[in-house]
Amino acid sequence: MMENHHKPVLLRESIDFLITGKAGVYFEGTLGFGGHSEEILKRLSPRGILVSTDLDTNAFNFSRKKFEGDRRAKLYNFNYSLVDVIAKIESIEFFDGIFVDLGVSSFQLDNSEAGFSYSADTKLDMRFDEKLKISAADVVNTFEENDLAGIIWKYGEERKSKLIARKICELRKIKKINTTGELKDLVSKVVPERFLRKSLSRIFQALRIYVNSELDTLKSFLNNSVKVLGKGGRIVVISYHSLEDRVVKEFFKYENLKCVCPKDVPVCICNKEQTLKIITRKPVVPANEEIRLNKRARSAKLRAAERI
Ligand SMILES: C[S@@+](CC[C@H](N)C(=O)[O-])C[C@H]1O[C@@H](n2cnc3c(N)ncnc32)[C@H](O)[C@@H]1O
C-alpha cells in the first residue's frame, strides 16, 4: 500500500493567491498526492471545477482514488505543459487560476524504483514519465564526456563537473553505473567529504532536469498558460531551485512589460502587449516554522502574476 507522507509546501499562501472566486475553474499541473488540489477543492463551491494532472502514474492513481466521488475534480495523467490541450479536451475557454508546485514529491524521493535521491541505493532512473526513452543511467553510461560535463554544469551548476564527468567515463569502462549508490560512491572519490552532500544534490538535480527536460517543459507551460488564463486570473508557481525560479522570474518580467523597444527609439514600434501583472515583487518563501516541520520547504519560492 502506497503511503503518502508528502506535506504540501506553502499551502495556505499558494491557494490564497490562486483563488479569486469560489465558483471558478482552476488548474493544477502537479497533482502529486493531492495536497494542494485538496485545499483548492475545499475552497470551491459545488459549482467550482478543478482540473489537475500529474505525469507520474503512481501519483495519478493515488489521487484518482482520493478524489473519487468529487465530480468537481477532473484528473489527468498528462504533462502539465499541455495545459492548453487539457483545456480544449474539457471545453474550457479560460481558467480562473493556474498553479504548479514543481519538483518531486517526498514519495518519489523515497521510492526505490524512481532513483531520484542519493539517500537510498536504488535504480538510477529519474523519469517522471516511464514512457520517456532516456533514463539517468542511460545518460551516465552512454553520453560523451563533454556532454556529460555540460549537463552537470548547466543544470547542476557543479564546479567540478569536468572532473566528475571524466571519472564517470573512466569507471563505466570497468562497470556500468546502474544504481544511485554506485553513482554516489563514484562522486565520493572525486569530491571531498565536506562538499559531498551539496555536490551530490547538484549532480542528481542536473540529471533529473536533463532526463525530464524540466526547464523546457516549464517554459512551454508558462507560454501555454497565458493563452488559457482568463483576465483577472492568477498564475502561481512554486519552484525549488534557482534555475527554475529564474525561468519563472524572467517570464513574468517579460510578460509584465508594455514595450520592448530599444531606449533610443522615440515612438514605440514593438507592438508588445502586457499580458501579466506581477503580484509578488519578491518571491514568497516559507516561514521558519514551516521549514522546521518540513525540510523540503526550505528552498521553496512562490511567484504569482495576474492576467490582464
Ligand atoms: C512537488 S510534487 C507535487 C505535490 C502536490 N502539489 C501535493 O501537494 O501533493 C510535484 C509533482 O509534479 C509531477 N510532475 C513533474 N513534472 C511534471 C510534468 N511535466 N507534468 C505533470 N506532472 C509533473 C511529479 O510527478 C510530482 O508528483
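This is a predicted model: local features need pLDDT of at least 70, side-chain atom pairs count only at pLDDT 80 or more; totals for chains, interfaces and linings use all residues.
Student: Why is the pair of aspartate 16 and arginine 43 called a salt bridge?

Tutor: Their closest N and O atoms are 2.7 Å apart. The cut-off between a side-chain nitrogen of Lys or Arg and a carboxyl oxygen of Asp or Glu is 4 Å, so the pair qualifies. Aspartate 16 lies in helix α1 and arginine 43 in helix α2, so the bridge ties together parts that are 27 residues apart in sequence.

Student: Is aspartate 16 buried, exposed or partly exposed?

Tutor: Aspartate 16 has 38% relative accessibility. Buried means under 20% and exposed means over 50%, so a value in between is called partly exposed.

Student: What makes glutamate 158 and arginine 202 a salt bridge, and which parts does the pair tie together?

Tutor: The closest N and O atoms of glutamate 158 and arginine 202 are 3.0 Å apart, and the limit is 4 Å, so this pair passes as well. Glutamate 158 is in the loop between α7 and α8, while arginine 202 is in helix α10, so the joined parts are 44 residues apart in sequence.

Student: Are these two partners buried or partly exposed?

Tutor: Glutamate 158 has a relative accessible area of 2%, so it is buried. Arginine 202 has 28%, so it is partly exposed.

Student: How do you know that serine 199 is buried, and what does it contact?

Tutor: Serine 199 is at 2% relative accessibility, and the limit for buried is under 20%, so it counts as buried. Serine 199 is found in helix α10. Leaving aside neighbours within four places in sequence, serine 199 is in contact with Glu158 and Val191.

Student: Are the partners in the salt bridge of arginine 208 and glutamate 214 buried or exposed?

Tutor: Arginine 208 has a relative accessible area of 11%, so it is buried. Glutamate 214, at 10%, counts as buried too. Their closest N and O atoms are 2.8 Å apart. Elsewhere, salt bridges that share partners join Arg12, Glu13, Asp16, Glu39, Lys42 and Arg43 into one network. The structure holds 18 salt bridges.

Student: Which residues touch the most other members of the largest nonpolar core?

Tutor: Phe95, Phe221 and Phe252 do, in a core of 65 residues. Helix α10 gives the most to this core, with eight residues. A second, separate core of 23 residues includes Tyr26, Phe99, Ala297 and Leu302.

Student: What does phenylalanine 95 touch?

Tutor: Not counting residues up to four places away in sequence, phenylalanine 95 touches several residues, among them Val25, Phe27, Val51 and Leu229.

Methods. Residues are numbered from 1 along each chain as its sequence is written. Side-chain values use heavy atoms; hydrogens and water are left out. Helices (H or I, at least four residues) and strands (E, at least two) are DSSP runs, numbered from the N terminus. Buried means under 20% relative accessible area, exposed over 50%, partly exposed in between (1.4 Å probe, protein chains only). Contact means heavy atoms within 4.5 Å. A nonpolar core is a set of buried Ala, Val, Leu, Ile, Met, Phe, Trp, Tyr and Cys residues joined through side-chain atoms within 4.5 Å.
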